[in-house]
Amino acid sequence: LRAVSIASAMKSAGVLVVFTYLVAPGLAIQLLGLSRGGGVVSVFSAAACGVAGLVASYAWDLPSGSAIVAAFGAWLVSAAAAARMFRMRPEWRRPI
């Protein structure tokens, strides 16, 4: 059932957008080192990036798929920056 839904989503939305939705939230959670509640944060971050990409697409007349992927990219860059900042101060970071 999952394969059918992914295949149909790729046909309608595009390969890059679908794989971005599949990979980026999990990667961001992995970068941040969240273990508990990571699934909830992942779902909400995916929804927020999708909405942010659609709003940017509407506001600046951009292709929606590219805007969504760019929003996920911005989220990944900010997650990587936060992970790097917290690694510099180990007393602030929870153990994995």
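**Reading buried spots, a helix and a core**

Guide: Let's start with Thr-20, which counts as buried because its relative accessibility is 12%, and the cut-off for buried is under 20%. Keep in mind that this is a predicted model.

Visitor: Where is Thr-20 placed?
Guide: Thr-20 sits in helix α2. Setting aside neighbours within four places in sequence, Thr-20 is in contact with Pro-25, Val-69 and Phe-72.

Visitor: How do I read a nonpolar core?
Guide: Here's the general idea: in soluble globular proteins, nonpolar side chains tend to be buried together. In this model, the largest nonpolar core has nine residues: Ala-24, Ala-28, Ala-46, Cys-49, Ile-68, Ala-71, Phe-72, Leu-76 and Ala-79.

Visitor: Which helices each supply at least two residues of this core?
Guide: Those are α2 (15-32), α3 (38-60) and α4 (64-88). The most comes from α4, which gives five residues.

Visitor: What does Cys-49 touch, if we skip residues up to four places away in sequence?
Guide: Cys-49 touches Ala-71, Phe-72 and Trp-75.

Visitor: And how do I read a helix such as α3?
Guide: An α-helix has 3.6 residues a turn, so residues three or four places apart point the same way. Now try the buried residues of α3, among them Ser-42, Ser-45, Ala-46, Cys-49, Gly-50, Gly-53, Ala-56 and Ser-57.

Visitor: How far does α3 reach from its first C-alpha to its last?
Guide: With 23 residues, α3 reaches 32 Å, close to the 33 Å expected at 1.5 Å a residue. Just after α3, Asp-61 takes a positive phi of about 55°.

Conventions. Residues are numbered from 1 along each chain as its sequence is written. This is a predicted model: local features need pLDDT of at least 70, side-chain atom pairs count only at pLDDT 80 or more; totals for chains, interfaces and linings use all residues. Side-chain values use heavy atoms; hydrogens and water are left out. A nonpolar core is a set of buried Ala, Val, Leu, Ile, Met, Phe, Trp, Tyr and Cys residues joined through side-chain atoms within 4.5 Å. Buried means under 20% relative accessible area, exposed over 50%, partly exposed in between (1.4 Å probe, protein chains only). Helices (H or I, at least four residues) and strands (E, at least two) are DSSP runs, numbered from the N terminus. Contact means heavy atoms within 4.5 Å. The expected span of a helix is 1.5 Å times one less than its number of residues.
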